[in-house]
Every structure is written in C-alpha cells, then in structure tokens.
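Please open the structure in your viewer and keep the selection tool at hand.

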Amino acid sequence: MYSPPPDPATERRMRAHHARAAQALNVQVEPAGEFWGWAGRTLGAPARTAAGQLAWLRLVSAPEDKASGKLWDGALDAQHAFGDLDGHRPALLAVHDAVDDGTAYRAELSVRVDQPVLSDDPILQRDLQLPDSWWTDLAGTLEKVSAVDTDRVAVRQQYMDRAIPQFVGIPAPAVTCWTTAHSDVHWANLTEPLRLLDWEGWGRAPEGFDAATLYAYTLLQPDTAARVRAVFPILGSPAGLAAEATVCAQLLQTVARRDNLVLEDRLRDWSEELRRR
C-alpha cells in the first residue's frame, strides 16, 4: 500500500541515511520507484549492485533503544533460517547499520522482486484467477516455513487467552501443535509468480496460522476464500481452531480500533461459526 512521505524533517533524515547506506553497500539507487512505509519509518527504492544485479534497498529507522528484537531482526533472521525458499522469498544480500542522534538505521539490501503484489490492499478486493501451480507453490512454501525450528514468537499464549474470549466469545482453544509461521500472509505480501514478502514478524504460532490469516483477508471474495479453504484443509478442522480463533480475534480487535471496518460483518459471521464448532 502507498504511504505518503513523512514530515519534511524526517523525510530529509531518511533520504540522507538511505543515500549513505547505498554508498556503504556500493549500490546505485535508481531514480524512480521509491516507497515510503507507515509514518515514514521505512524508505525503500530500487537499486543495482556494482555487479549489475537488480536489488531493493530498504531503510528502516527506530529509536536507538528500541532497535533490537523480533521486528528489527526479522529479515536478517529469516535469511539465516530460510534462505530464498527455492526462489519464493527475496534473498537478503547485505545489511548496513548506523546510529545518528539517538536514532538507529538499518539498511537491508535484497534481491529485487519485479512482479507487482497481487493487491495494493492486504484485503482482497476482487477475485483472483491464479493457476493451480501458484497455490501448490504457496502451500509448499508455507509447509517448509512451518518445519523450521526457531525461538522467535509470533503469537503468544497469553494474548490468545485474553483476546479470544473478548473478541470471539469462546475460551481460547487448546493448541495441539505450535509451528513456525510467516505471520503476515496477506494479498499485499504476495506476487505471481509466487514471492512472499515482508518477513519482519515471523515466528512460532498455532498450526494453520498463515492459512487462517490469508483466509481472513479473503473474506470479501467468496470464490477465492473457498479456494483458500480447499488448499489448506486445516481450516475448519479441530487442529486449526486455535489458529482461526486467534486470527479472527486479532482482526476484530483492529475493527474495535476503527480499522478494517470493511471486514467487520464477515469477521462476525466467522466468529459465530467458530463458536458453533
């Protein structure tokens, strides 16, 4: 999704550090195609390495005392854990860190993905006609992710115990299996051919969490939602109940904060279905 540049002072600082990172990593930034993240926290742009490889240079900023932990190290940890997932994840080529006046900056140089994302919005706004091979690749990629061992945590039991009763109206279901999840599988993080983007928040979650997340962001498109369920049979099964209830609670919580309101009715229908299971 497009985000406008931040306030002028932050914009100047981000541009200056982006340029310094490009110099440090010996890449040439291309003049068009920059992308601002939420509130100017990130700035990405197409680049080319000295060897001519097409790349993407993303700069992320945070207060120096918060520049650590799961989100800060997500891309680097993902590179170590997964590599490029048989070409379905943009490989991280290099990292450059800097600190300036109490703000930390991390530049991440990745292989460039030229295909556009399948949706500018995480919520799918139109049915997609994707080939069977795409769905096979997605299921296989998420299966490989789920098998990786990690101590990173994407979903905490304490959150489930609190949020599921509050927003779904049932006790938190028992988790039969914890697996590793990308944790943000939605339509603005997927391309065709398959590339799965944005690895900041990956970690352990209830089995089926990625499938449930994709399903939630597909609720406005019944045909594609049915395809998600067909590809991921854990949805609707006893083993998937904990993941589904968690994702439903997460998004109903955003609705309570006046976000994702277009999903509200479908989420409430889903929560009613979960209460009957």
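Begin by selecting Phe82, Trp199 and Trp202, which together form one aromatic cluster. The model in view is predicted, so local features are reported only at pLDDT of at least 70 and side-chain atom pairs only at pLDDT 80 or more, whereas totals for chains, interfaces and linings use all residues. Residues are numbered from 1 along each chain as its sequence is written, and side-chain values use heavy atoms, with hydrogens and water left out.

**Stop 1: aromatic rings**

A pair of aromatic rings is described by the distance of the centres and the angle of the planes. Rings of Phe, Tyr and Trp (for Trp, its six-membered ring) pair if their centres lie within 6.5 Å; planes under 30 degrees apart count as stacked, over 60 as edge-to-face and the rest as tilted. By this rule there are six aromatic pairs. Keep Phe82 and Trp199 selected: their ring centres are 5.2 Å apart and their planes stand at 45 degrees, so the pair is tilted. Helices (H or I, at least four residues) and strands (E, at least two) are DSSP runs, numbered from the N terminus. Phe82 belongs to helix H2 (residues 70–82), while Trp199 lies in the loop between strand E7 (178–181) and strand E8 (203–206), so the pair ties together parts that are 117 residues apart in sequence. Are these two residues, Phe82 and Trp199, buried or exposed? Both Phe82 and Trp199 are buried; the word means under 20% relative accessible area, with exposed over 50% and partly exposed in between (1.4 Å probe, protein chains only).

Next, select Trp134 and Trp187. Their ring centres are 6.0 Å apart with planes at 20 degrees, so this pair is stacked. The pair links distant parts of the chain, for Trp134 is in helix H3 (residues 132–146) and Trp187 in the loop between E7 and E8, 53 residues apart. Trp134 counts as buried at 1% relative accessibility, and Trp187 is buried with a relative accessible area of 0%.

**Stop 2: backbone exceptions**

Most residues other than glycine have a negative phi, and most peptide bonds are trans. Remain in the loop between E7 and E8 and select Pro193, which is placed there. The peptide bond from Glu192 to Pro193 is cis, with omega near 0 degrees. In the loop between E7 and E8, select Asp198 as well. Although Asp198 is not a glycine, its phi is positive, at about 65 degrees. Asp198 is partly exposed, with a relative accessible area of 34%.

Now move to Asn26, in the loop between helix H1 (8–24) and strand E1 (27–29). Asn26 also is not a glycine, yet has a positive phi of about 60 degrees. With a relative accessible area of 52%, Asn26 is exposed.

**Stop 3: helices H3 and H6**

Select helix H3 again, together with helix H6 (residues 222–231): the two pack at an angle of about 50 degrees, with their axes 11 Å apart. That makes H3 oblique to H6. Axes are lines fitted to C-alpha atoms, for helices over the stretch in contact, and angles run from 0 to 180 degrees between N-to-C directions. Angles under 35 degrees count as roughly parallel, over 145 as roughly antiparallel, 65 to 115 as roughly perpendicular and the rest as oblique.

Which residues make the contact of H3 with H6? They are Asp132, Trp135 and Ala139 of H3 and Thr224, Arg227, Val228 and Val231 of H6, where contact means heavy atoms within 4.5 Å.

**Stop 4: helices H4 and H7**

Finally, select helix H4 (residues 157–167) and helix H7 (residues 241–256), which pack at an angle of about 65 degrees with their axes 9 Å apart. The contact involves Tyr159, Met160, Ala163, Ile164 and Phe167 of H4, and Ala242, Ala245, Thr246, Ala249, Gln250, Leu252, Gln253 and Ala256 of H7. These contact residues divide into 10 nonpolar, three polar and no charged. Here Ala, Val, Leu, Ile, Met, Phe, Trp, Tyr, Cys and Pro count as nonpolar, Asp, Glu, Lys and Arg as charged, and the others, Gly among them, as polar.

Within H4, select Gln157. At 30% relative accessibility, Gln157 counts as partly exposed. Gln157 touches Val175 and Trp178, not counting residues up to four places away in sequence.
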